[in-house]
Amino acid sequence: MEKLVYLVWARPSVDRAALREQALGEVVPALLDAGVQRLEVHLDDDAADVAGPMPAPGTELPIRMAFSFWLDAYDRRGPADAALEQAAAERVVRRLAVE
């Protein structure tokens with residue numbers, strides 16, 4: 001098993017409720033269909049009443065979503081990558097976590 005972490009940048013103008021609806025209504029089901037295990041989702045949505053630890057510097061976009069999960073093998077991440085591409089994102093970065 002290997003753990004992957006995806007960070008998703010989106011414009012602050014993206015509505016927080018819409019962000020949640022997209023993440024939980026579209027991205028999460030697609031990830032589960034892709035066979036991910038032990039999925040964790042962190043969102044900058046309208047249910048988050050605590051500000052992030054620090055604002056994005058200058059003109060950088062903020063990280064609005066983070067997804068972490070386990071797959072049988074990193075090389076089989078294609079369906080998960082495709083699921084994350086549907087996020088309302090300006091940028092998506094994938095990392096392989098070693099634990």
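The legends below describe views of a predicted model of one protein chain.

**View 1. Overall fold of the protein chain.** Two helices and four strands make up the secondary structure. Read from the N terminus, the order is β-α-β-β-α-β. The radius of gyration is 13 Å, close to the 13 Å given by the globule rule for 99 residues, so the chain is as compact as a globular protein of that length. Its C-alpha atoms fill a box of roughly 35 × 25 × 20 Å along the principal axes. Among contacts with a separation of 6 or more, 84% join residues 24 or more positions apart.

**View 2. The largest nonpolar core.** This core holds 18 residues. Tyr-6, Leu-31, Met-65, Phe-67, Phe-69 and Leu-84 touch the most other members. At least two residues each come from β1 (2–9), α1 (16–33), β3 (63–71) and α2 (78–85). Helix α1 gives the most, with five residues. Across the protein chain, buried residues make up 31% of the 99.

**View 3. Surroundings of Phe-69.** Residues up to four places away in sequence are not counted here. Phe-69 touches Glu-2, Lys-3, Leu-4 and Tyr-6, among others. Its partners also include Leu-31, Val-36, Gln-37, Arg-38 and Leu-39. Ala-80 and Leu-84 are in contact with Phe-69 as well. Of these partners, Tyr-6, Leu-31 and Leu-84 are, like Phe-69, among the core residues that touch the most other members.

**View 4. Surface and charge of the protein chain.** The accessible surface comes to about 6100 Å². Carbon and sulfur atoms account for 51% of this area. There are 11 positive and 17 negative side chains. The centres of the two sets lie 5 Å apart.

Notes:
Residues are numbered from 1 along each chain as its sequence is written. This is a predicted model: local features need pLDDT of at least 70, side-chain atom pairs count only at pLDDT 80 or more; totals for chains, interfaces and linings use all residues. Side-chain values use heavy atoms; hydrogens and water are left out. A nonpolar core is a set of buried Ala, Val, Leu, Ile, Met, Phe, Trp, Tyr and Cys residues joined through side-chain atoms within 4.5 Å. Buried means under 20% relative accessible area, exposed over 50%, partly exposed in between (1.4 Å probe, protein chains only). Contact means heavy atoms within 4.5 Å. The radius of gyration is taken over C-alpha atoms; the globule rule is 2.2 Å times the number of residues to the power 0.38. Accessible areas come from the Shrake-Rupley method with a 1.4 Å probe; for residues, only the protein chains shown count as cover. Lys and Arg count as positive and Asp and Glu as negative; His and the chain ends are not counted. The place of a charge is taken as NZ of Lys, CZ of Arg, CG of Asp or CD of Glu.
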